[in-house]
Amino acid sequence: MSAHAVLGLLALNLLYLVAGLGLVWAARGFATWGEVLRLSGLAYLVGTGATVVLATEILVFGGPVTVPAVVALALLVAAGGAAVAIRLHRPRPRLETWSSRREPLLLVGVLAATLAVLCLEAFYRVAHLQGPESFDAWAFWTAKAKAIYFFGGLDEQLFRTLPGATYPILLPTLHAIAFHFMGAADTVTLHLQDWLLMVGFVGAVAGLLRPRVPLVLLWPFLLVMLVMPEFGARALQPQADVLLDYFFVASTLALALWLLEREDWLLLPYGVLLAAAMSTKREGQLFAGCLVAAAIIVTWKDKRRAWPRIVGVAAIAFAFEIPWRIWFSSRHLGGETPGASASQLWHDVGRIPSSLRIVLTLLFDPSLWLIAVPLGLAAAAVLLVRRFDRLAVFYLLLMAFTVAGFTWILWSITALPLETSKQTPIPRAVGADVLASLVLAPLLLVEVFRRRRAVE
């Protein structure tokens, strides 16, 4: 790891932040510099997603993702956002007078936040010395990134020989861009990119929840995430699973807040991050379908206003995945999951109970995820007991749909063993539900306390 590589990587991520700030400014404006700071994590994730999704389009159409190209792309995104913000007269940040706000159990929240920062620092210590260890990382994810870096684009022949030839290319593109800014295919320094994305995700969740959730409810849940054994084992691996979780869960949180508050600026992170999720892994399309379906059901009474926004934004997000599908289809690359016929599904219907059992076992395994999912389910159950609540129903439907989707994967793909080993994608895929539970639980609990105060 060299200083040049680290500085190059930091410069790249600063560009992502600038691009995201431009987009968020266009969507909502910034009343104060405190808001800029609070939403910097969200802006960083949005800027990363937007810039890299557009970079994948450049690759698909035969262009390069060199340093000048990426700088121009990020600055173009930032400038476009700024131009829209100025055109729409969005507020510009100003200095604000600091004022203390009384919160229950404030010291507990501050302690949890401090411990979370210490956990992030511990992850950094690992990241700056770690190499690619997992099989998928060095077998094809990093190999694709190196191919893009060395060959200047998508090498059809190499992609044909690697596993997962048709997998979406956002992660290899992200890493290839990082190689360019580092000046070499440095697979050790590359882990700092994964660490920065982790910090950005934590910051995005904290920034979105902070005005609505007290510290004592916010940071303990984020701390649970950082100490979960399976999260710690996978967070710094250069694979697409955790990155997919970041994009999808942040998109889910933005949509959940929109369902509560109907502030249309939240549709920007919902759409951009959903596009990034679908461009990261094929499971992203399954997650997107589950998310949209859950949101449609809970907005049935307001469908005239809500459905065009929910479905329209998701459709635009999916549109960015279409060029890649055309690229690999036109070259007859193999590797797409085979579609099971109705007769085959009926023949293998006996796999359903075992498939569901495996999904639930992995989802509730405390040795992997501690008690993350039970916490979310308990919060939703308490809220529903007190009052039928849209947010609780949304969360439960999302969980039910994704569990059904994972079950369908095991049921329909008979080549996958019916066991909890890592030979199936389910141990990694359920991580999205786990993180969604931890992120939505504070919101659910706030609603519980709000209903309780209203009754009293």
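Start by selecting V53 and T56: the backbone oxygen of V53 sits 2.4 Å from a polar atom of the T56 side chain. Keep in mind as you go that this is a predicted model. T56 belongs to helix α3, residues 40–60, and it is buried, with a relative accessible area of 5%. Now show what surrounds T56: setting aside neighbours within four places in sequence, its contacts are I169, L170 and T173.

**Next stop: another threonine**

Jump to T402, in helix α21 (residues 390–412). Is T402 buried or exposed? With a relative accessible area of 0%, T402 is buried. Display the backbone of M399 too, and you will find its oxygen reached by the T402 side chain at 3.0 Å. Beyond the neighbours within four places in sequence, T402 is in contact with F287, C290 and D433.

**Into the core**

The largest nonpolar core holds 173 residues. To see the members with the most contacts inside it, select F201, W219, L226, M228, F231, Y270 and F394. Then colour helix α12, residues 240–261: it supplies the largest share of this core, 16 residues. As background, nonpolar side chains in soluble globular proteins tend to be buried together.

**Out to the surface**

Switch to a surface view and pick L14, V18 and L75. Together these three form a nonpolar patch on the surface, with about 250 Å² of accessible area. V18 lies in helix α1, residues 3–28, and is partly exposed, at a relative accessible area of 34%.

**A walk along the salt bridges**

The whole structure contains 12 salt bridges. In general, side chains of opposite charge can pair when their charged atoms come close.

Begin with E35 and R28, whose side chains meet in a salt bridge at 3.0 Å, N to O. E35 counts as buried, at 19% relative accessibility, because the cut-off for buried is under 20%.

Now select R331 and E156, which form a salt bridge at 3.5 Å, N to O. R331 lies in the loop between α16 (322–330) and α17 (342–347), and E156 in helix α7 (residues 156–161), so this pair ties together parts that are 175 residues apart in sequence. Check the exposure of both ends: R331 is partly exposed at 28% relative accessibility, and E156 is partly exposed at 32%.

Move on to R305 and D264, another salt bridge, at 3.7 Å, N to O. Where in the chain do R305 and D264 lie? R305 is in helix α15 (residues 303–319) and D264 in the loop between α12 and α13 (267–278), so the pair links distant parts of the chain, 41 residues apart. R305 is partly exposed, with a relative accessible area of 30%, and D264 is partly exposed at 35%.

For the last stop, select D241, K281, E283 and R428 together: salt bridges that share partners join these four into one network.

Definitions and conventions:
Residues are numbered from 1 along each chain as its sequence is written. This is a predicted model: local features need pLDDT of at least 70, side-chain atom pairs count only at pLDDT 80 or more; totals for chains, interfaces and linings use all residues. Side-chain values use heavy atoms; hydrogens and water are left out. A nonpolar core is a set of buried Ala, Val, Leu, Ile, Met, Phe, Trp, Tyr and Cys residues joined through side-chain atoms within 4.5 Å. Buried means under 20% relative accessible area, exposed over 50%, partly exposed in between (1.4 Å probe, protein chains only). Helices (H or I, at least four residues) and strands (E, at least two) are DSSP runs, numbered from the N terminus. Patches are made of residues with over 30% relative accessible area and no salt bridge: like charges are joined within 9 Å, nonpolar side chains (Val, Leu, Ile, Met, Phe, Trp, Tyr) within 5 Å. Accessible areas come from the Shrake-Rupley method with a 1.4 Å probe; for residues, only the protein chains shown count as cover. A polar contact is a pair of N or O atoms within 3.5 Å; within protein, one must be able to donate a hydrogen and the other to accept it, and residues adjacent in sequence count only if both atoms are side-chain atoms. Contact means heavy atoms within 4.5 Å.
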